[in-house]
Amino acid sequence: MNSPHASSEAVPRLARIIPRDSHPISRSKIAPEALRVLYRLREAGFEAYLVGGCVRDLTLGLEPKDFDVATNALPEQVKRLFRNCRLVGRRFRLAHVFFGREVIEVATFRASGAPPQGDELPPEDVTLEDGSLEDASLDDAPLEAEEAIEVEDSRDVHDFDESLERVVDQSGRILRDNAYGTIDDDIWRRDFTCNALYYNIADFSVWDYCQGFEDVKARRLRLIGDPETRYREDPVRMLRAARFQAKLGFEIEPATAEPIANLSGLLAGVPPARLFDETLKLFLTGHGAESYRVLLERGLLDELLPGVAAFARKHPGSAPERMLIQGLINTDARVRADRPVTPSFLFALLLYGPIGLAIEKRPKAEWHEISTILDAVDVAVRDIYSRVAVHRRFILGMRDMFALQPRLEVPKGRRALRTLEHPRFRAAFDLLQLRAEFGMADKAVVEWWTRLQTASPEQRATMSEAIGRTGGGEGRASSGGRNSRRRRGGRRRGRGGGGPGGG
Ligand code: ATP
Ligand code: MG
């Protein structure tokens, strides 16, 4: 198959064609938008297949998050077929067909000489119809609530790797014949066999080049080709392996799992913007708690978020770690309930332990000062930033959440009412609540804020005045408020037991 891969012999050129009556994929489970794209392409005389995670999920009886289409139509030809279509990617073009909020990604079969998916750069910009450029990073995803973000599934803009410039002509234009290919070249754009099944709209059969169908049924994750080669081509595949293990409960077969321990260090060479996107997919798509477990187990967290992993290894089972895991479980439930989640909260959870350690390096008397807390946040952020380029607004959101903790722990008079109006109050309160659950904040003060939120304006005024007088917990100064400052410090049981702003 003329693949540039050392292991090309591993994938036969001919697909095994699984007829409609031998696989479970029913058209009733395919999004109508995806069907429309497939049928329109076919009516225009092109080949059209569903490919990737959606075929895998349909085979498993799961509802796919998105539908990707592969075709022999060139991007420009796809564009002509759909009014609601725009081409994305500077060097390797993909078509996005829009149906309201739904996007169907249509990719032209890639030639064997073209780089595999992972060699591509992360999404940077999108070429609009008028040729102008638009930032297409997650930064611009539609926001539901204050900075809440819906994590999109991979909609990578496929660009050529710089090292493959030789396939472009003098003017920098890609030599098309080198770039596009046939369906059996396309297989090398895929990572795992379970992600390399093609559903053919012509006769509803499934094309399988590498026993992906068997692997899906056996719930087995197996890289196409030589695992080490494939990881070296794109180290992010190691994270994808962990993600699919966490998400699907697949077992990573030994030959695919084994090289990870030695190669995980290659993640250091992946652009931090891409690792940010992967981090969100790992932790904010409904299986974050399991992702955390798998990443730690496989030694991948140490490369992705070194400070977070170091804390977990030094303080296993500590309150901050248990809080992180519970926070991830709560986040997973929110995702499943279709409620918005925010990366600010995620990173607050992940970095809570490291931030606590940074705080504890300072004299005890300073632990509750805002400047101490913010410095510690900055130290922890700097530590992960070389790996994972967390967008600035999420860092700012996280700083606010931490800065609000002392104010929440010691509510004072009218200021408490203003705190309630703070755009980050809800996230900060959720963090306080979690901290209290794990003995790192006062439960009484959580109850007080809970009551305040549901109280009428008159009741709120009364409550805030009362707390102004007593200095905490509505007369419960012994379990919250002023006194708690001293006590919080005293309760700390060495490193890993504490946390930002006390606990
Ligand atoms: P899900 O959408 O459930 O997270 P997916 O398999 O659809 O999983 P995507 O990131 O949406 O994952 O990618 C779509 C398809 O593109 C994959 O199924 C795979 O065939 C291919 N692919 C994506 N990323 C890579 C990669 N880094 N290397 C090789 N192939 C990839
Ligand atoms: Mg997908």
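Q: If a salt bridge is a side-chain nitrogen of Lys or Arg within 4 Å of a carboxyl oxygen of Asp or Glu, how many salt bridges does a search of the whole structure find?

A: Side chains of opposite charge can pair when their charged atoms come close. In this structure the search finds 24 salt bridges, and one of them joins Arg-220 to Asp-215, with 2.8 Å from N to O. This is a predicted model, in which local features need pLDDT of at least 70 and side-chain atom pairs count only at pLDDT 80 or more, while totals for chains, interfaces and linings use all residues. Residues are numbered from 1 along each chain as its sequence is written, and side-chain values use heavy atoms, leaving out hydrogens and water.

Q: Are Asp-186 and Arg-189 buried or exposed?

A: Buried means under 20% relative accessible area, exposed over 50%, and partly exposed in between (1.4 Å probe, protein chains only). Asp-186 is buried at 0% and Arg-189 is buried at 5%, and these two form a salt bridge whose closest N and O atoms are 3.3 Å apart.

Q: Which helices hold Asp-302 and Arg-313?

A: Helices are DSSP runs (H or I, at least four residues) numbered from the N terminus. The side chains of Asp-302 and Arg-313 meet in a salt bridge, 2.7 Å from N to O; Asp-302 lies in H13 (residues 301–304) and Arg-313 in H14 (residues 306–314), so the pair ties together parts that are 11 residues apart in sequence. Asp-302 is partly exposed at 25%, and Arg-313 is also partly exposed, at 45%.

Definitions and conventions:
Chains lettered and ligands numbered in written order. Helix = DSSP H or I, 4+ residues; strand = E, 2+ residues; numbered from the N terminus.
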